[in-house]
Amino acid sequence: MQHKIILDTDPGIDDAMAILFAEAHPSIELLALTIVFGNASVDDGKTNALFIKNKFNCQYQVAVGAATPLIRPPVGATVAVHGPHGLGDVIAPEQHSAIDYRPAYQYMIDAIHANPGEITLVAVGPLTNLALALQADPSICTKVKQVVIMGGAFGENGHRGNVTPWAEANIHDDPHAADIVLTAPWPVVVIGLDVTEQSFFSEQYLAQLKQDSGEVGQFIYDVSRYYLRFYSEKLGLAGCHVHDPSAIAYVIQPQLFHLRSGPIRVVTDGAAIGMTLQKFDGRIYPHDDWQDCPSQQVGVSVDDDSLLRLYRETLISYSSRS
Ligand SMILES: [Ca+2]
């Protein structure tokens with residue numbers, strides 16, 4: 001059975017890697033990209049989504065969503081990591097293709113009602129569009145199949161924050177939206193830095209991908225140049241972590257991950273703004289702001305060798321078909 005996916009994204013270099021992974025894998029039907037601010041402005045994100053769609057003849061719809069967070073002042077595009085327009089050294093020309101007329105949150109609501117029990121929402125940017133959808137129509141909670149989120153960091157495997165000592169970028173960009181999404185009564189799996197920083201695309205891996213998987217491998221190699229310079233100069237690493245593609249990998253092969261159950265809250269102000277905290281199931285406390293929230297799942301370990309093999313084999317197979 002195919003997974004019907006709406007990918008909520010702020011494209012984004014690792015977003016591009018995730019979009020093409022979802023497009024390439026035969027078990028996924030990628031219905032739409034819903035665009036949110038984050039790595040780039042929402043306008044640049046839209047252009048990048050259409051650029052990839054046109055370049056690889058993808059069938060997904062594009063719907064544009066939030067340009068700013070719900071409450072906090074905008075942090076601004078992550079130019080140092082993703083370049084001036086989101087795809088590093090690759091500057092997408094203006095695209096004139098049609099987009100869906102609805103705002104992203106309404107597209108999600110309509111698609112979930114039209115396909116009850118079948119839609120997987122995969123969110124790999126700030127969670128603003130998902131929060132707006134929940135506020136406009138809470139009944140989607142019982143109709144969505146599952147929600148898979150790349151974001152957050154819970155201190156597992158030594159991983160805490162990447163934009164502050166305790167916050168991951170997607171959650172830090174809109175912590176109020178994240179707290180709404182993570183405490184809603186729908187089934188959420190969080191694939192955070194705890195697992196995404198356990199998988200690594202080395203320079204050698206990306207060069208091999210370029211060699212073995214045709215145009216798609218070349219494109220991923222080209223957009224990753226800027227990203228790898230950031231990793232090399234700022235983190236001293238010859239390669240990059242596998243952030244957004246890990247959420248797609250979870251949808252395809254959930255058995256690659258071990259999960260831990262418990263309600264999640266997000267810190268929405270102060271020094272730890274954007275920090276994600278999971279209470280373990282089964283404990284009772286005299287003071288507990290988690291107690292009325294549903295248990296959600298957090299990825300705590302990953303079979304990174306198998307994940308890297310899955311990504312590589314998916315793109316090689318795709319390039320031989322297209
Ligand atoms: Ca992203």
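I started at the calcium ion, which is coordinated by Asp10 (OD), Asp15 (OD), Asp15 (OD), Val124 (O) and Asp244 (OD), at 2.3 to 2.6 Å. Donors here are N, O and S atoms within 2.8 Å of the metal (3.2 Å for Na, K and Ca); water is not among the atoms, so sites may look incomplete. I noted the donor spacing in sequence as D-x4-D-x108-V-x119-D. Asp15 sits in helix α1 (residues 13–24) and Val124 in the loop between β4 (119–123) and α5 (128–136), so the pair ties together parts 109 residues apart in sequence. Helices (H or I, at least four residues) and strands (E, at least two) are DSSP runs, numbered from the N terminus. Asp15 and Val124 are both buried, meaning under 20% relative accessible area, with exposed over 50% and partly exposed in between (1.4 Å probe, protein chains only).

For the record, this is a predicted model: local features need pLDDT of at least 70, side-chain atom pairs count only at pLDDT 80 or more, and totals for chains, interfaces and linings use all residues. Residues are numbered from 1 along each chain as its sequence is written, and side-chain values use heavy atoms, leaving out hydrogens and water.

Next I looked up Ser202, in strand β7 (residues 200–202). Ser202 has 22% relative accessibility, so I logged Ser202 as partly exposed. Its side chain reaches the backbone nitrogen of Tyr205 at 3.0 Å. Beyond neighbours within four places in sequence, Ser202 is in contact (heavy atoms within 4.5 Å) with Ala238 and Gly239. I also took the C-alpha separation of Ser202 and Leu237: 8.6 Å, at 35 residues apart along the chain.

Last, I checked helix α7 (residues 175–183). Eight of its nine residues are buried, so α7 is largely enclosed by the rest of the structure.

Conventions
Polar contact = N/O pair within 3.5 Å; in protein donor to acceptor, adjacent residues only side chain to side chain.
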